[in-house]
Amino acid sequence: MLAAMPPPSTTPPNQGEPRIADPLGAVVHDVRATARDATGTPARPAPVVRDRDDACPGALRLHTADDGKLARLRLPGGILTNRQVNALAVAAERYGDGHLGITSRGNAELRGIGDSCGTGLAELLRHTALLPSERHERIRNIVASPLAGLDGRGHGTLHPWLRELDALLCAQDWTPALSGRFLFALDDGRGDVAGLGADVTLLAQAQDTAVVRVGASALRVAAADAPRAALEAARAFLATAAAAGNGAWRVRELPPGHEVALARTLADAGIPAEPAPVPDAVPDPHTTAPAPGTAPTPDGTYAVIVTPVLGRVTSTQLRALAGPGGEVRITPWRGFVLPGFDERAAHEKLRQLHDAGFITTPDAPWAGVGACTGRPGCAKALADVRRDALPGPGGLPVYWSGCERRCGHPHDDWVDVTATPDGHYTVAVRGAGERQVPVGDCELAKVVTAARGPATAGPARTRATGTGTDSEPEPGPNSGPGPGTGPGTGTTTR
């Protein structure tokens, strides 16, 4: 068994934070929304009441953690140029702790920022087009299918939608009223990001159409109108949240009887729309995350796909990602997609990135292992979970949490390893087969491996490397904002 952990933090759990149940089954603060009633049916979560403004960090509004200031950089669709990747490496070296944390929304986090470094960081981001609008930087939350336009699946590239939606968000005076957690998902039709719990989802369809989905409402619009429809849906949410009076940050937090009037909103905006079946929000688990390796494209080129260990990269590793396509895509499963290689160059690049410390195969020892920030970055953590996390085989994802908040944990079925105040860990399987796993005097590594079950082949294993986009942390005084980053050549969460 692992050695006893350091004594608990002196910062009380959930200091300064309301106790809120998450309707999608996530653990928010220390409230377990997966509780069941006497019949075994999932209990209805308590209504969400937000009595404060969203404290989500950004590129300009830095969060104070135990290891320094933290900046969260929104990267719509996870799309970066090689120049921007290099700029993030410079930012990590010059202003942070030399590392970049990759988040479960394809965004990036810098930790260990000095008190006087915020201005320099902002100027660097402006110079490289990573900060197009200071007023809007926290609401540019857009995830997108990372292989769109590359592997021949789906309905083509999402770049035009990404550019237009981001420009629309940054051009409006009212959009800064959205929470820093409000999420847009752009799915090319394959269903990979449609099930990530976004507030507004655009799902590409055949014949140049798209389905826009908000809550239980779904309407079909022309593909050319999709970005504007997504913007209007967000505007309608704000109006609905104001009428509900519960301070909702997300669509799922709206109380019963306060649904977003999507059809009326699009009609008022002059956007033709027709009813559409609500697309399946749960994609095939075997095709959710791109598997590490190489992927051929219809034009004869190859994309290289890798994942950093526990989602954290050094500045040196960042620079190693640059490729001939001039573009790096960050996935919502904390991976990287590098397009534009010929076959020989793709395999050589994969070898180089393996040598640099990346996960390059689905059966790598660290595939499927995640962890929150833990100590020393988060004052609420009861353990240095990034130090304690163990590699190993297994079918289910495993997530190591420093406290009961479980920031950044996966969706669906996963193995929950959570630190306790007495210097130990509990182990449980979450999801459809929910159960506690006795630890006793057994070696923790063996207990976790048994709980994960047999390893599976291909992308299903890779899926484990990501965590839920809906379990974003809510910073409290002197805490880490949830899954973050840590020392070494690979560790993060978020």
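Residues are numbered from 1 along each chain as its sequence is written, and side-chain values use heavy atoms, with hydrogens and water left out. Because the model is predicted, local features need a pLDDT of at least 70 and side-chain atom pairs count only at pLDDT 80 or more, whereas totals for chains, interfaces and linings use all residues.

The pLDDT is the predictor's confidence in each residue, on a scale from 0 to 100. Its mean over the chain is 83, and 81% of the residues reach 70 or more. Over residues 281-286 the pLDDT is below 50, and this stretch has 11 contacts in the model beyond near neighbours in sequence. The pLDDT is also below 50 over residues 457-494, a stretch with 199 contacts beyond near neighbours in sequence. Contact here means heavy atoms within 4.5 Å.

The chain contains 10 helices and 23 strands. Helices (H or I, at least four residues) and strands (E, at least two) are DSSP runs, numbered from the N terminus. Of the 494 residues, 58% count as buried; buried means under 20% relative accessible area, exposed means over 50%, and partly exposed lies in between (1.4 Å probe, protein chains only). Among contacts in the chain with a separation of 6 or more, 69% are between residues 24 or more positions apart.

Attention now turns to one sheet. Strands of a sheet pair through backbone hydrogen bonds, either parallel or antiparallel. In this model, 5 strands form an open sheet in the order β5-β17-β18-β15-β14, with antiparallel pairing. β5 (79-81) and β14 (293-296) stand at the edges with a single partner strand each, so one side of each is left without a neighbour in the sheet. On average, neighbouring strands are turned by 25 degrees against each other, direction ignored.

β5 pairs with strand β17 (residues 327-330) in the antiparallel sense over 3 bridges; two strands count as paired if DSSP finds at least two bridges between them. Thr81 has Glu327 in β17 as its bridge partner. β17 is in turn joined to β18 by 2 bridges, again running antiparallel, and Arg329 stands opposite Val337 in β18. The hairpin of β17 and β18 has 5 residues between the strands, and Arg334 takes a positive phi near 60 degrees there.

Strand β18 (residues 336-341) is mostly covered, with 5 of its 6 residues buried. Strand β15 (residues 302-306) runs antiparallel to β18 and is joined to it by 4 bridges; Val304 stands opposite Leu338 in β18. β15 also pairs with β14 in the antiparallel sense over 4 bridges, and Gly293 stands opposite Ile305 in β15. β14 and β15 form a hairpin with 5 residues between them, where Gly300 in the turn has a positive phi of about 90 degrees.

Helix α1 links this sheet to a helix pair. α1 lies across β5 and β17 and runs at about 90 degrees to β5. Two packed helices are described by the angle between their axes and the distance between the axes. Helix α1 (residues 82-95) and helix α2 (residues 118-127) pack at an angle of about 170 degrees, with their axes 10 Å apart. That makes α1 roughly antiparallel to α2, a term for angles over 145 degrees. Axes are lines fitted to C-alpha atoms, for helices over the stretch in contact, and angles run from 0 to 180 degrees between N-to-C directions.

At this contact, Arg83, Ala87, Leu88, Val90, Ala91 and Tyr95 in α1 meet Gly120, Leu121, Leu124, Leu125 and His127 in α2. By class, the contact has 8 nonpolar, 2 polar and 1 charged residues. Ala, Val, Leu, Ile, Met, Phe, Trp, Tyr, Cys and Pro count as nonpolar, Asp, Glu, Lys and Arg as charged, and the others, Gly among them, as polar.

Two residues of helix α3 complete the tour. Pro160 belongs to helix α3 (residues 159-171) and is partly exposed, with a relative accessible area of 42%. Leu162 also lies in α3, but counts as buried at 7% relative accessibility. Leaving aside neighbours within four places in sequence, Leu162 is in contact with Pro76, Gly77, Ile79, Ile142, Ala144 and Leu186. Leu162 and Ala144 are 18 residues apart in sequence and 8.1 Å apart in space, C-alpha to C-alpha.

Definitions and conventions:
Parallel < 35°, antiparallel > 145°, perpendicular 65-115°, else oblique.
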